Structures are given as C-alpha cells and as structure tokens.
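Have the model open while you read.

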Amino acid sequence: MKIVILGAGQVGGSLAESLASERNDIILIDSDEKTLRELRDRIDIGVVVGHASHPDIMLEAGIEDADILVAVTNNDETNMAACQIAHSLFRVPTKIARVRAASYLQYPQLFDPGAIPIDVLISPEQLVSEYIARLMENPGALQVLDFADGRVQLVAVRAVQGGPLVGHQLRYLRQHMPKVDTRVAAIYRRNSPIIPQGDTVIEAGDEVFFIAARADIRAVMSELRRLEQGYKRVTIAGGGNIGLRLAHKLENRYSVKIIEQSHERCIFLSEELSNSIILHGSASDQDLLLEENIEDTDVFLALTNDDEANIMSSLLAKRLGARKVMTLINNRAYVDLVQGGEIDIAISPQQNTIGSLLTHVRRGDMVNVHSLRRGAAEAIEVIAHGDQRTSKVVGRKIEDIDLPEGAAIGAIVRETEHGSEVLIAHDDVVVQTDDHVIVFLVDRRHTRHVEQLFQVGFSFF
C-alpha cells in the first residue's frame, strides 16, 4: 500500500519504521528537515519537507494515488485540515487522524463524513487512560490487553519464586487448574523469547504472556505469583489530559489524589472532578509527599509530559513507601532503562497509539493489533473468512495451520446462538468462518505471513 504519514515525531517516525519493514510505500511529511534526513538514512522511506496540510506539499508526496493518509502531527487542527483536504481535493480512501483535545472529542458529530471526513480517530490520551485502568483492575500484571471487546485478555506477568507453577513444566498448569483453560503464548527470559512447549519450565523472573477469558485472569496469575491485594488509594502526578481522563475513570472506585503544579489547572480540575482531591504543588516535593502520606498510597502514577520529572518523582515516591509505581515515558530509550527496578511499570504512549494505528492499515480483517516489547512482538485479533477451498485456516485444526516460526494462536472467540464462546487454542480446535482468532507473534517481521494466511482466495468471491 501507499501510505502518506504527516508528522515525523515519536509516533509518526515509529509508525513509518514499522510499516516500511512490511514493504509498504511510505512517504513522510514534516517541516523538520533534520529529523526527516535521520529517518530516511535509517529506513527505506520517501520524505517531503514542508507544512503537512498544504495541498502542494501533499501533491509532492504523491497524495493523489495514496491508499491511506495518517495525520499524526502535534497539532490537532493541522491533522483535521489535512484530512479535509485529502478528501475534498484528492479523494484519499482512508484518512486517519490523531486528535488530542477533549473539546473536539466530546462532539463526535464533528467527524462524520459530511463534516470533517476522518475515517479513524485516534486519541492517545484515551488509549493510555484505558490501558492504565486495565492495569489497575489486575494488580501485579505488567500488561493487560483486550480482545473481542474484553471477553479475552492477554496478560504479561513476572513469575515470582513461590508461585505454584514456578519451577514446574507448563503441562502441569492444567493439573493445577482443571477448571480453568488458558494458554501461555510466550515467555521472555532475560529479554530473550522462548516458544512455550509442554516441557518448558517456568523460572522465577520470567515474563510470561498468557491468554485466558477475562473471568479466569486472576486465577492464572495466582499460579505464577502470589496475588496482590486490590488497590484502594491512588496518587496521580500531573493533571493534564491523561491525568484528568484517568481520574474520571477511577474516582468512583478508588480514593484519588492529583498533584498539579499549575494553580489555574488545579481550579479547572476541581471543577471537572467530583470525588478527587486536587493538590497544588510539585510531585517531586518530598515534604508534600510525606504530608499526604505517600507511604499509604497503593499506586503512584507519574503522568506529566516531562519524562525526567516523571522518573524522578516516581523514584522518590517509591523510596518514600508507595506500594506500586507506574510511569509515563515518551522516550523509548528510557523505557528499558527504568522498568523492573524501582519503577514497576513504564508506560509508552507511542506503543499504545501505534498498535491502534496498525489495526487500520494492515491487510486482512484486523480487529485489534497490539504492539508489544517495544515493537518487537505483536498480538493480533483477525477474523477468519471463507471456507476450506478458499481459506488457509477455515476448516483446519490449529495443529495443521501453517503458522510462521514464533507465532502461536492463543484463543478463538466464536459467536453462537447462545452468545460468544471463548475457545482457548489447543491443537485439535478447528477454525470456523467468522471466528475471531488471536495470534501472538514473537517476531513481528512475520506479520505479513499471518496476513496472507487469513486472506481469502479469489474463488470465495
């Protein structure tokens, strides 16, 4: 496909890198010539220097025969204008835009085809706040990803000495939990992937990715580590868009405090939120944290726009007794440096956003794409179509499907007359048409192979 990306920031650059590796024709537009030159030297893409929404600059990028426009500049208005121009002048089939301002998002009718023609609206703040809310619901999890509208979840958890399954082979999981069905999709040991087999032994410190029905997640986690108590008290550092959205989600279930440096923003937050305590000050102020009993806080969330401020306030909160610390980090180079030490979970907004973007630019009937392990791995939800003649997966047992190395089908969600049925993938399960199939890829370079597997032959039409 030919894809024009507007904006060479963290998201635009990462998306260009991801899509270029899948042999798409990528053209990146940005006004920063130095950034474009660095990206072009590293990856095989075309670049155009100029204002992203100007028609002449778009023409220079070949917009007239583009399949997809992805507008992810730092300016909402530029992104919206670019989609309008791409539609009105160039009839681009699919237009995707990142829009951050809540004042736009609360009027969905703005983005109807008859108004601003945006086919897919991406809100990073919404994606990140939903992601954190899922982590809050599953204490002890490193990642929690939804599939099939939340009926199935993929969870990453750190195995801890003392967990019933630690030191034992995976095949014993079913003996331990005869009434719970689950599948371990991948294990990362010292940052290297291991493809799970029945005789694979779980070691303390392993990062284990497993798939299960939502109701069974806690039971499976209890096999790998001692279950943590639920959270009650939450402190959020930073009352920006993400902090505000998250507080809205949490304040009726948890005791929420927000620490915000701007007095004007504090007043705004106090008007927007009904059950949260707003504190004016710095999250790196030790006296303030002690005064607010940080040692009693179950979760400290550092969600400002400043990576360094987030990291330092998180380290301080942990040192002063906060039970769990989650930190928003934009710079990908920092994520691996900090996670797993004093900071329990490093949250990358780019990774969340890119997964959502990939869902809409991949071939095949993709429902969800989640980018994992800083983009090295992926989890995909794809719908199977066709029949035994036209499909390489429909009518076949899972053991007979030609999956690439390092890929595993974790679960299938099937609609029946009695509602949705979650089938954890075992070798003898047969894929049916319209099944939602969840695939874990240790190496995302094999994504193309999986896409081709699920594409329907011409005889189907």
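## Ground rules

Two strands count as paired if DSSP finds at least two bridges between them. Helices (H or I, at least four residues) and strands (E, at least two) are DSSP runs, numbered from the N terminus.

This is a predicted model, where local features need pLDDT of at least 70, side-chain atom pairs count only at pLDDT 80 or more, and totals for chains, interfaces and linings use all residues. Residues are numbered from 1 along each chain as its sequence is written, and side-chain values use heavy atoms, with hydrogens and water left out.

Let's start with E11, residues 207–213. Seven of its seven residues are buried, where buried means under 20% relative accessible area, exposed over 50% and partly exposed in between (1.4 Å probe, protein chains only).

E11 pairs with strand E8 (residues 152–158) in the antiparallel sense, over seven bridges. In that pairing, Val155 sits opposite Phe210 of E11. E11 also runs antiparallel to strand E9 (residues 182–189), with six bridges joining them; Tyr188 has Glu207 in E11 as its bridge partner.

## An aromatic cluster

Rings of Phe, Tyr and Trp (its six-membered ring) pair if their centres lie within 6.5 Å; planes under 30 degrees apart count as stacked, over 60 as edge-to-face and the rest as tilted. The count by this rule is two aromatic pairs. Tyr188 and Phe209 have ring centres 5.8 Å apart and planes at 70°, so that pair is edge-to-face. Because Tyr188 lies in strand E9 and Phe209 in strand E11, the pair ties together parts 21 residues apart in sequence.

Phe209 and Phe440 have ring centres 5.3 Å apart and planes at 50°, so this pair is tilted. It links distant parts of the chain, with Phe209 in E11 and Phe440 in strand E22 (residues 436–441), 231 residues apart. Tyr188, Phe209 and Phe440 form one aromatic cluster. Tyr188 and Phe209 are buried, and Phe440 is buried too.

## The five-stranded sheet

E22 turns up again in an open sheet of five strands, ordered E18-E19-E22-E20-E21 with antiparallel pairing. Strands E18 (366–372) and E21 (419–424) stand at the edges with a single partner strand each, so one side of each has no neighbour in the sheet. From one strand to the next, the twist averages 15°, with angles taken from 0 to 180 degrees between N-to-C directions of axes, which are lines fitted to C-alpha atoms (for helices, over the stretch in contact).

E18 and strand E19 (residues 377–383) run antiparallel, joined by six bridges. Met366 has Val382 in E19 as its bridge partner.
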